[in-house]
Every structure is written in C-alpha cells, then in structure tokens.
Amino acid sequence: MKANLLKATAAELTSLAPGTAADRFRDVQSGKLVSKGEPGRYGGVVMTDSDRINTLLGFAFDPPRGDSRVANVRRIRRFELSSATYNPLRTTLSAEDSARAAFQFVQGLTKFDDLGTALDGIVGSMRTSAFADWEAVNPADIVVDFHGNRSVTMMIDRPRTGNSAVFIFEPKKAPGSAAIERITRLHRIVFERLAANETAPDQD
C-alpha cells in the first residue's frame, strides 16, 4: 500500500470527503508521521505499519483547541498501558497472574510498549502471516474503543472458545472529566483494510 491508496482507504473508513482527507494527510505527512517518497510515478514508498496507524488517527480524531493534528496523533500514540486482564468477566486469577495470562494469550501479535506500538503491531501481524498463524482454526475478533481523551480499551477475543484479553491504555496525565464523552470504536475490519499490501505502480 502506497500513499494514495492509504489516503483513500483511511478516508473511506472515517467517512471523510476527498478534499478534507487530502488536507489531513498533508498535515500528518509534513509532520513526519507518514513516509514520503520522491516525485514521479514510481517514486512512492510502501507505507509502514506506523504510517498506516498515524494516518488513521490523524483522520479520525480532531485535536483539542490550540493543538495541532500532528501533536494530537503523537499524544494518542503515547498512551501507556495501565492494565491487562485475561477473561475479565470470569477470571479467578490474581491481577498479576491475569496480566501474565493476557500477554501469553496474544503472544506473537504485538507489543504493548504504548498504544501506538500496540496498534502498529496489529496491522503488522496482519500484513504478515503472524495473525493468521495465531488465529489458526479459532477466529478472533479485535475491538478498540477510544473513550474521548481519557482512555483506550483494546479487546482481543476468540468467541468460539470464550477466551479474551483486555488491555487499557491511558495518558500519563489524565484530562479533566467531560460532561459528554465521545466513544469511537474500531473493529477488526479497520486493521484488515489498513494491512492491505497492494503495491501497484499507480498507488504511489
């Protein structure tokens, strides 16, 4: 996937008009959050996992007043892992054992250094065989909920077996409470679309 296809894909996922998508893509690219190739038909570069996630974040979330789109994407990416739980609705494990089991459950899919790294890893695992190998014969689902500016919840589960892991990310400094909070949910299809590996010359 090169720049034009990424821009079109993210615009479709976030229901942005082409002109708005072009402006937002220019913002994140000028802020060095998205790779930039050389001019010309064959000058485009294949977008990295981070390029794809950064574009999605830049398209989906407007920055707070007085903040830039680039700074907002960087802020979201820096959310830190605050908890990890295995089978949260029926666990009998201690918090420490539950967290260990959660990481074991998703081993090989991604890392959890921060939210950006975790999201990048999900896309990366789908671009390779890692996600398919992990999923095997037990289909899995991924849901990522953004709770305003306060937290992000990532749930990875296997509905057939009833097993799941929930990871919660929060900013280092919690924002003030809001009377109305917007929740934005990303489904598995979002990551699948971002992971597309088409690299035809007309996609640069």
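Which residues does Asp157 touch, not counting residues up to four places away in sequence? Before the answer, a word on what you are looking at. This is a predicted model, in which local features need pLDDT of at least 70 and side-chain atom pairs count only at pLDDT 80 or more, while totals for chains, interfaces and linings use all residues. Residues are numbered from 1 along each chain as its sequence is written, and side-chain values use heavy atoms, with hydrogens and water left out.

Now to Asp157. With contact meaning heavy atoms within 4.5 Å, Asp157 touches Phe105, Pro139, Ala140, Asp141, Asn163 and Ser164, leaving aside residues up to four places away in sequence. You will find Asp157 in strand E3 (residues 151–158); helices (H or I, at least four residues) and strands (E, at least two) are DSSP runs, numbered from the N terminus. Asp157 has a relative accessible area of 15%, so it is buried (buried means under 20% relative accessible area, exposed over 50%, partly exposed in between, with a 1.4 Å probe and protein chains only).

Asn87 sits in the loop between strand E1 (80–86) and helix H5 (95–105), and its relative accessible area is 8%, so Asn87 is buried. The side chains of Asn87 and Asn163 make a polar contact at 3.4 Å (a pair of N or O atoms within 3.5 Å; within protein, one must be able to donate a hydrogen and the other to accept it, and residues adjacent in sequence count only if both atoms are side-chain atoms).

Next, look at the aromatic rings. Rings of Phe, Tyr and Trp (its six-membered ring) pair if their centres lie within 6.5 Å; planes under 30 degrees apart count as stacked, over 60 as edge-to-face and the rest as tilted. By this rule there are eight aromatic pairs. One of them joins Phe131 and Trp134, a tilted pair with 5.7 Å from centre to centre and 50° between the planes. Both residues belong to helix H7 (residues 130–135), three residues apart, or about one turn of the helix. Phe131 and Trp134 are both buried, and together with Tyr86 and Phe105 they form one aromatic cluster. Phe105 is also among the residues that Asp157 touches.
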